[in-house]
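I would like the cut-offs behind each term to be given along the way.

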Amino acid sequence: MCRSARDGGAGTVHLEVATDNDRALHLYTSLGFEPVITEDYYAVSTLAAWVTR
């Protein structure tokens, strides 16, 4: 999907992963994504998300 987006002209691909989801964050960083900021906008509990690019 990321390849299709880039082939279609996208310059950046952003993903979001819950800050407590270490397995997903490890997967995304192993694929070259980097955490850039956390967002605290989930309506449920105190869960936050990493925004990666």
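Helices (H or I, at least four residues) and strands (E, at least two) are taken here as DSSP runs and are numbered from the N terminus. On that basis Pro 35 belongs to strand S2, which covers residues 35-39, and the secondary structure of the protein as a whole amounts to two helices and three strands, arranged along the sequence in the pattern α-β-α-β-β.

The model is a predicted one, in which local features need pLDDT of at least 70 and side-chain atom pairs count only at pLDDT 80 or more, while totals for chains, interfaces and linings use all residues. Residues are numbered from 1 along each chain as its sequence is written, and side-chain values use heavy atoms, with hydrogens and water left out. The pLDDT itself is the predictor's confidence in each residue, on a scale from 0 to 100; its mean over the protein is 81, with 85% of the residues reaching 70 or more. Among the elements, helix H2 (residues 22-30) has the highest mean value, 93, whereas strand S3 (residues 49-52) has the lowest, 71.

Burial is judged by relative accessible area, where buried means under 20%, exposed over 50% and partly exposed in between (1.4 Å probe, protein chains only). Of the 53 residues of the protein, 19% count as buried. Pro 35 counts as partly exposed because its relative accessibility is 35%, and its C-alpha atom is separated by 9.8 Å from that of Ala 49, a residue 14 places away along the chain.

Which residues does Glu 34 touch, not counting those up to four places away in sequence? With contact meaning heavy atoms within 4.5 Å, Glu 34, which sits in the loop between H2 and S2, touches Val 51, Thr 52 and Arg 53. The C-alpha atoms of Glu 34 and Val 51, 17 residues apart along the chain, are separated by 8.4 Å. His 14, placed in the loop between helix H1 (2-7) and strand S1 (15-18), is likewise in contact with Val 51, Thr 52 and Arg 53 once its neighbours within four places in sequence are left aside. Although His 14 and Arg 53 are 39 residues apart along the chain, their C-alpha atoms are separated by 4.5 Å. Across the protein, 44% of the contacts between residues at least 6 apart in sequence join residues at least 24 apart.

Rings of Phe, Tyr and Trp (its six-membered ring) pair if their centres lie within 6.5 Å, and planes under 30 degrees apart count as stacked, over 60 as edge-to-face and the rest as tilted. By this rule the count comes to one aromatic pair. Tyr 28 and Phe 33 form it in an edge-to-face arrangement, with 6.3 Å from centre to centre and 70 degrees between the planes. Phe 33 is buried because its relative accessible area is 13%, whereas Tyr 28, at 23%, is partly exposed.
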